[in-house]
Amino acid sequence: MKRILSGNEAIAYGAYLAGVRYASAYPGTPSTEILENLARMSDVRAEWASNEKVALDAVAGASYGGARALAAMKHVGLNVASESLFYLAYSGVNGGLVLISADDPGAFSSQNEQDNRNYARFAKVPCFEPSDSQECMDYVLLAFDLSEQFDTPVLVRTTTRISHSKSVVQIPEGDGHEPRPLKAFVRDPAKYAMIPANARRRHPVVEERLRKLAEWAETASVNRIEWGKKNIGIVASSVAYQYAHEIFDGYSFLKLGMSYPLPEKLIRQFAAQVDKVVVVEELDPFYETEIRAMGIPAVGKEYFPRSNEFSLSVVRDGARKLGVEMGPDPAPVAAAFQPPARLPALCPGCPHRSTFYTLKKMKLYVAGDIGCYAIGVLPPFNAIDTVSCMGASFGVAHGIDAAGANSAKQRWVAVLGDSTFFHAGLPALANIVYNRGASTLLILDNDTTGMTGQQENPGTGRTLQGAKTQKIDIEAVVRAMGVQDVFIVDAFDEPAVEATIKKALAITDRPSVVISKGPCVFLDQYPEKYVDEVDQDKCNGCSLCFRVGCPGLYKGELDAKTKKPKALIDPLLCIGCDVCLQVCPRDAIHRVDS
Amino acid sequence: MTKTDFLLAGVGGQGVLTASDIVAEVGMAVGLDAKKSEIHGFSQRGGVVESHVRWGEHVAAPMGERGRIDYLLAFELMESARWIEFLKPGGVVIVNRQRILPMSATVGDAVYPEDAVIEKALRAVTDRIIYVDGLEVAKGLGNKNLANTVLLGALSRELNVDPETWLDVVVQRVPKKYVEENKKAFWSGRMGTK
Ligand SMILES: Cc1ncc(C[n+]2csc(CCOP(=O)(O)OP(=O)(O)O)c2C)c(N)n1
């Protein structure tokens with residue numbers, strides 16, 4: 001049967017066909033849909049972990065226990081989980097273990113671009129790179145077999161254009177899935193218990209395994225030569241292969257499905273028959289460096305950029321530089337005018353709005369974090385000074401405080417969300433309390449993992465597969481960790497948010513925490529609201545309401561006196577959260593009966 | 001039909017991604033290879049949404065190339081101008097007249113461009129400009145969410161594919177209770193009803 005699937009859907013399906021029994025992940029674009037799809041399949045236990053390291057440890061445990069198991073994460077998630085990848089490389093597996101790393105060239109929704117093929121080399125584990133959805137499914141199936149055959153975790157690396165593109169997949173007729181029995185766990189501390197003496201013995205095993213994997217790669221069908229014109233031979237994988245395939249039409253290709261370890265003999269055979277080896281790869285010169293180290297004068301990054309994602313145009317430019325005849329480009333369009341940008345904004349009704357309006361108003365310095373609230377960096381708030389990685393806000397704020405830089409002149413607060421709190425905020429909070437810190441910490445609890453599309457988390461009382469579970473009470477946790485001053489405030493009450501932050505800021509000799517509570521607008525429990533409306537007679541165009549940064553507010557006619565535009569509210573967008581109403585000094589905004 | 005490239009662009013929440021799923025599935029339904037590629041993430045929060053769809057005997061790259069796209073389907077008026085450089089000279093651009101003000105215009109100094117300015121930018125590339133009052137037609141049918149189906153109807157008229165094939169795919173994609181109104185929306189778009 002043919003179906004059109006995204007890379008992530010195909011990965012989930014491949015894992016299902018492979019008989020995966022346990023899967024764990026922390027959400028992160030572009031990887032999130034892998035677990036969301038697996039969660040709907042039979043015989044699979046799929047979980048949101050509190051962070052990526054915890055996910056990979058649990059997946060390691062499932063594998064040791066004899067199950068086929070899968071972990072999925074975005075590229076930076078593997079930084080968090082890298083510690084676990086390194087011991088897994090030494091311990092090996094019992095049931096097959098596959099780790100999906102979804103990279104984000106172009107940084108469409110990430111704080112950096114990083115090339116996680118480097119982790120394969122660094123941790124000494126094999127890595128596959130599918131170039132479309134069909135290969136996503138096929139390679140995941142293969143990866144599970146290879147994992148068991150070679151006793152190794154297997155990395156499968158996608159990118160945004162693989163995970164989030166859809167293409168046609170031939171899936172087996174019928175269900176094609178069989179539940180797999182657990183393999184027995186046989187006690188073997190020399191393999192699974194990585195004390196130094198065992199680690200020293202395991203390292204040569206890992207090196208020997210790599211050598212055998214490289215041998216396997218020589219004849220594996222995932223690495224193939226497509227002969228064509230031989231003045232240039234292209235080496236490529238992933239989506240870069242697809243672009244190159246179109247641009248270097250009719251040339252010879254070495255298409256790599258396995259990016260590590262590389263098939264040296266196959267590469268030499270290819271290189272020997274072409275005049276020039278050209279590597280087309282996104283981000284790092286990974287193959288290029290490896291192939292050059294073999295003594296083959298490959299070229300790549302002289303022609304194709306190291307940063308940003310590729311496209312047909314980028315590869316075409318590189319081909320031209322190489323002297324390949326490309327024909328004329330279509331007449332370039334005179335870029336006569338550039339339409340105004342559409343910056344991301346907090347949704348109408350977002351519970352984070354009152355906080356950023358207030359932080360800006362109070363002229364505070366803000367250590368921010370990763371989540372929807374990172375939009376606080378943008379206008380009209382311009383309220384966040386640092387954004388680093390998940391959970392970093394608490395650590396950064398503590399360092400600023402410890403260094404003596406948190407002063408009356410520059411008052412700092414830290415801001416993070418509920419999901420981020422459970423991900424990496426907890427140890428940072430323990431650190432502040434333990435080290436006699438005095439930071440002012442804001443937790444924006446919108447009862448979900450908003451940024452990545454409203455996933456459940458340990459604070460929501462629901463699991464990924466829809467079961468009710470113990471809801472971890474953030475306030476109780478914070479108090480139990482030794483914070484004496486904890487304030488709870490309604491996120492939809494701007495004056496209260498301001499008053500509460502002031503109270504917390506008054507405490508300067510010990511840590512304080514403000515938890516603002518209000519659900520994300522996409523949740524069912526979002527309170528039934530109204531539509532707000534601006535009384536055009538009362539509004540004088542003072543523009544204060546525009547500072548709440550709501551897409552539902554826009555500029556209308558100029559006020560006769562002030563010559564400034566009056567505010568209008570788009571009834572299709574407004575949900576009646578009332579934050580603009582609360583900040584209006586002339587009481588010009590009121591609710592309309594719906 | 002050797003190769004056909006589409007670019008669908010609009011603003012988060014307009015149904016661009018569902019519409020592009022439908023275009024990709026129609027390609028597969030007529031026996032072609034099809035790929036689509038889109039960007040989720042930050043763009044969901046009122047940002048620009050772009051989705052490429054390609055049909056062909058064999059499609060390699062999941063997205064088409066600047067200056068070589070055959071059909072640009074703009075779900076929002078100003079977005080047509082932002083993406084027009086992707087259209088091949090003389091290609092078809094279908095423009096929904098709906099305006100969605102960007103935040104840079106509501107909280108900053110940016111102004112929403114005049115119709116004439118947008119039209120001029122489009123004309124620099126093509127004369128095949130088709131305007132559709134997608135939102136108005138949808139509201140007329142009683143549901144503003146039908147605008148994307150109206151646009152698909154307009155696109156279908158430009159392609160040599162049986163409308164029933166389109167409708168089969170549309171019907172599969174929408175909840176049962178909205179099937180009839182989606183069919184009406186599709187036909188309104190296809191007939192060019194204002
Ligand atoms: C290590 C890592 N994992 C995952 C992500 C993806 N990600 C970005 S923000 C976010 C969660 C934000 O949730 P929360 O803190 O509750 O804030 P909200 O978006 O709901 O406001 C996630 C999972 C990331 N950027 N880095």
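**Entry 1: the ligand's oxygen contacts**

I began with Asp418(A), where a polar side-chain atom sits 2.7 Å from an oxygen atom of the ligand. I count a polar contact as a pair of N or O atoms within 3.5 Å; within protein, one must be able to donate a hydrogen and the other to accept it, and residues adjacent in sequence count only if both atoms are side-chain atoms. This is a predicted model, in which local features need pLDDT of at least 70 and side-chain atom pairs count only at pLDDT 80 or more, while totals for chains, interfaces and linings use all residues. Side-chain values use heavy atoms, with hydrogens and water left out, residues are numbered from 1 along each chain as its sequence is written, and chains are lettered from A and ligands numbered from 1 in the order in which they are written.

Next I looked at Thr420(A): a polar side-chain atom of this residue is 2.6 Å from an oxygen atom of the ligand. Gly450(A) uses its backbone instead, with an N or O atom 2.6 Å from a ligand oxygen.

**Entry 2: the shell**

How much of the ligand's accessible area does the protein cover? I noted 98% of the 590 Å² that the ligand has on its own (Shrake-Rupley method, 1.4 Å probe; for residues, only the protein chains shown count as cover).

I found 26 residues around the ligand, and Glu52(A) and His352(A) are among the closest (near means a heavy atom within 4 Å). They divide into nine nonpolar, 14 polar and three charged. Here Ala, Val, Leu, Ile, Met, Phe, Trp, Tyr, Cys and Pro count as nonpolar, Asp, Glu, Lys and Arg as charged, and the others, Gly among them, as polar.

Which element gives the largest share of the shell? That is α16(A), with four residues. Helices (H or I, at least four residues) and strands (E, at least two) are DSSP runs, numbered from the N terminus.

**Entry 3: domains**

I listed domain 1 (2-219), domain 2 (224-322), domain 3 (353-517) and domain 4 (531-592) in chain A, with bounds from an automatic or database domain assignment. Domains 1 and 3 of chain A each give at least three residues to the ligand shell.

The centres of these two domains, taken over C-alpha atoms, are 33 Å apart.

I checked two cis peptide bonds: Tyr260(A) to Pro261(A), omega about -10°, and Pro379(A) to Pro380(A), omega near 5°. Pro261(A) lies in the loop between β12 (258-260) and α11 (264-273).
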